[in-house]
Amino acid sequence: MSLQVKEVLYHGRSKFQDVLVFDSTNNGRVLVLDGVIQVTERDEFSYQEMMAHIPLYAHPNPEKVLVIGGGDGGILREIAKHPGVKEIFICEIDGDVIEYSKKYLPSLAKGYDDSRVTVKVMDGAIFMDENQDNFDVIITDSSDPIGPASVLFETPFYNAMHKSLRDGGIVCTQGESIWLHLDIIKPLMDSIKQTYTTVEYAYTTIPTYPSGQIGFIVAGKNRGSCKEPARNPTDEQQDALNYYSSDIHKASFVLPKFAQRAIFDEK
């Protein structure tokens, strides 16, 4: 996927990674970290909505939610659409991502404006260690497993999330692509099955990500499957959504046979 740059709005290096924001000719504003596209205004909603609403609607009453990463604010924007959520914490290790998203990506960063949001610019693993048995839903919105995001794809991080969840809680993490990364997805899911009572895989379509698709690892602590929503959006909530619905929630867990076989050892 190539995008034509109309104007570079910001380009610099943070303590952790290269940060680029530019206006494109056809996809609106674009956030790029270490040379990898993270967000385009044209299609970001498909990723943000599915990553946030799959775990939130699978939970009967999520009141306290933690976001790891997600410094652009898009996941916060979606969580804020749930009036029953009382507290939203975000741990983003790179403060520059927050700063420049607020400056150049206000349609996503408006998530920070919600009064329920508390921002922690720090390592999410440390924050979770300090807050165990504390969250109903944990969402890890990470970039690819390189640079500062690499630890987010390792078993110890999933163990830390499990300890930070309340009973009945759900984690949802960026799960790479079934077309490109089965060698990462399967061993990671296998490794956490000993810890979580349910470990499932869903996906969404998004044109500007490699192969036009990205997945989510969805795992539960002392609870059943997340494939069926426990709640449905009201008519008003559904009108505010461009991708997620109860039907697509259920459909997102239906994988092509090659992926089903590879991930779950099915014949």
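Reader: Why does Ser-211 count as partly exposed?

Author: Ser-211 has a relative accessibility of 40%, and since buried means under 20% relative accessible area, exposed over 50%, and partly exposed in between (1.4 Å probe, protein chains only), the value of 40% puts Ser-211 in the partly exposed class. This is a predicted model, in which local features need pLDDT of at least 70 and side-chain atom pairs count only at pLDDT 80 or more, while totals for chains, interfaces and linings use all residues. Residues are numbered from 1 along each chain as its sequence is written, and side-chain values use heavy atoms, with hydrogens and water left out.

Reader: What makes Asn-222 exposed?

Author: Asn-222 has a relative accessible area of 51%, and therefore falls in the exposed class. It lies in the loop between S11 and helix H8 (235-239), and it too has a positive phi, of about 55°, without being a glycine.

Reader: How do you know that Ala-219 is buried, and which residues does it touch?

Author: The relative accessibility of Ala-219 is 0%, and so it counts as buried. Ala-219 belongs to strand S11, and, not counting residues up to four places away in sequence, it touches Gly-169, Ile-170, Val-171, Tyr-196, Thr-198 and Val-199, contact meaning heavy atoms within 4.5 Å.

Reader: Which strands of the seven-stranded open sheet stand at the edges, and why?

Author: The order of that sheet is S7-S6-S5-S8-S9-S11-S10, with mixed pairing, where two strands pair if DSSP finds at least two bridges between them. Strand S7 (117-120) and S10 each have a single partner strand, so one side of each is left without a neighbour in the sheet. Neighbouring strands here are turned by 15° against each other on average, direction ignored.

Reader: How do you know that S9 is paired with S8 and with S11?

Author: Strand S8 (residues 135-141) and S9 share five bridges in the parallel sense, with Thr-140 opposite Thr-173 in S9. Five bridges also join S9 to S11, and these two run antiparallel; Cys-172 stands opposite Val-218 in S11, and Gln-174 has Phe-216 of S11 as its bridge partner.

Reader: Why is strand S9 called largely enclosed?

Author: Eight of the ten residues of S9 (residues 165-174) are buried, so the strand is largely enclosed by the rest of the structure.

Reader: What do the buried residues of H6 pack against?

Author: The buried residues of H6 are Phe-157, Tyr-158, Ala-160, Met-161, His-162 and Ser-164, and they pack against strand S5 (64-69), helix H5 (124-130), S8, S9, H7 and S11. Ser-164, in helix H6 (residues 155-164), is buried with a relative accessible area of 0%, and its contacts include Met-128, Asn-131 and Phe-135.

Reader: Why are H7 and H10 called oblique to each other?

Author: The axes of helix H7 (residues 182-192) and helix H10 (residues 257-264) come within 9 Å and cross at roughly 45°; axes are lines fitted to C-alpha atoms, for helices over the stretch in contact, and angles run from 0 to 180 degrees between N-to-C directions. Angles under 35 degrees count as roughly parallel, over 145 as roughly antiparallel, 65 to 115 as roughly perpendicular and the rest as oblique, and H7 and H10 are therefore oblique. The contact is made by Leu-182, Ile-185, Lys-186, Met-189 and Asp-190 of H7 with Phe-258, Ala-262, Ile-263 and Phe-264 of H10.

Reader: What makes helix H1 largely enclosed?

Author: Of the 15 residues of H1, 14 are buried, so the rest of the structure largely encloses this helix.

Definitions and conventions:
Helices (H or I, at least four residues) and strands (E, at least two) are DSSP runs, numbered from the N terminus.
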